[in-house]
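Dear colleague,

Please find the structure below, together with its sequence.

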Amino acid sequence: MLARSMRIGVVFPQTELGGDAAAVRAYGQRVEELGFSHLLAYDHVVGADPEVHTGWAGPYDVHTTFHEPLVMFGYLAAVTTTLELVTKVVILPQRQTVLVAKQAAEVDLLSQGRLRLGVGVGWNTVEYEALGENFTNRGKRLDEQVELMRRLWTEQTMTFDGSHHQVTGAGLAPLPMQRPIPVWIGAFTRPALARAGRLADGWFPPMSPGPELDEAREIVGRSAIAAGRDPATIGMEGQVTWRGDRQQFADELALWAAAGATHASVDTMGAGLRTVDEHLAALAAVADVRV
């Protein structure tokens, strides 16, 4: 088993495994056996067709496979026992808040408290349109969504009168194991970094250790202090991309540890690996790396 102060997990390579349900099970069970602490999954509900959306420049399109993360986590909850299940990130403002709170509570209950819900505002206008949600005010709505979900996870019945949500004398049953479920934020812009400091239990920086990360951490920290929070209580998860060089991987992992990351995840996508077994073999090659 891995023994580290920084918790090391994996990025589920769903864009490279297609719709193979057996691969989901094999991957989840094997990374748990290897001692990784968590499995992180990305979220996209629909992809844009480049033949319809002329000049489409997004990193994903209609041909890119994405399992729905909360549904997949319900499955993985039954076939694993210790693996933390992490979204990076659910595009929260394009989803119904109370429904997400219900789905997250169910996954957390079925997994016995192993869900970490990463959320963000997203970038894909095509997806927002398809889901019938407003793209232009997504940041403001996310702030309110986090507040509402935390109340739903901790109060049996509640009333909420917000700018974008109205709940009158209602609540979830059953409640989750974690009350509340940890909410982390994918922070790619200055407003998102400030939001992470103000609201989040942790954040996912988009950059590598260095001056840009130091500046981002300053924004998160200042926002936390302004909100009366201790920045030291806010987690940070880095990401290391596997490119076949064990020493390079170890060095990059050490940089994240030195930068103060509480968590890190290993991404094996884009490395020319074709099958679930090849992805798992790459993870096995670095499972014992210590930092």
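**Aromatic pairs**

There are 6 aromatic pairs in the structure, which is a predicted model. In one of them, the ring centres of Tyr-128 and Phe-135 lie 5.1 Å apart with their planes at 85 degrees, so this pair is edge-to-face; an angle over 60 degrees is needed for that label. Tyr-128 counts as buried because its relative accessibility is 1%. Phe-135, in contrast, has a relative accessibility of 21% and therefore counts as partly exposed, the limit for buried being under 20%.

A further aromatic pair is formed by Trp-184 and Phe-204, with 5.5 Å from centre to centre and 45 degrees between the planes, and it is tilted. This pair links distant parts of the chain: Trp-184 belongs to strand E7 (residues 183–186) and Phe-204 to strand E8 (residues 202–204), and the two residues are 20 residues apart. Trp-184 and Phe-204 are both buried.

**Two crossing helices**

Helix H4 (residues 97–110) and helix H6 (residues 138–154) have axes that come within 9 Å and cross at roughly 45 degrees. The two helices are therefore oblique to each other, and their crossing is right-handed.

On the H4 side, the contact involves Thr-97, Val-98, Val-100, Ala-101, Ala-104 and Ala-105; these meet Gln-145, Leu-148, Met-149, Leu-152 and Trp-153 in H6. Of the residues in this contact, 9 are nonpolar and 2 are polar, while no charged residue takes part.

Yours sincerely

Methods:
Residues are numbered from 1 along each chain as its sequence is written. This is a predicted model: local features need pLDDT of at least 70, side-chain atom pairs count only at pLDDT 80 or more; totals for chains, interfaces and linings use all residues. Side-chain values use heavy atoms; hydrogens and water are left out. Axes are lines fitted to C-alpha atoms, for helices over the stretch in contact, and angles run from 0 to 180 degrees between N-to-C directions. Helices (H or I, at least four residues) and strands (E, at least two) are DSSP runs, numbered from the N terminus. Angles under 35 degrees count as roughly parallel, over 145 as roughly antiparallel, 65 to 115 as roughly perpendicular and the rest as oblique. A crossing is left-handed if the near helix is turned anticlockwise from the far one by less than a right angle, and right-handed if clockwise. Contact means heavy atoms within 4.5 Å. Ala, Val, Leu, Ile, Met, Phe, Trp, Tyr, Cys and Pro count as nonpolar, Asp, Glu, Lys and Arg as charged, and the others, Gly among them, as polar. Rings of Phe, Tyr and Trp (its six-membered ring) pair if their centres lie within 6.5 Å; planes under 30 degrees apart count as stacked, over 60 as edge-to-face and the rest as tilted. Buried means under 20% relative accessible area, exposed over 50%, partly exposed in between (1.4 Å probe, protein chains only).
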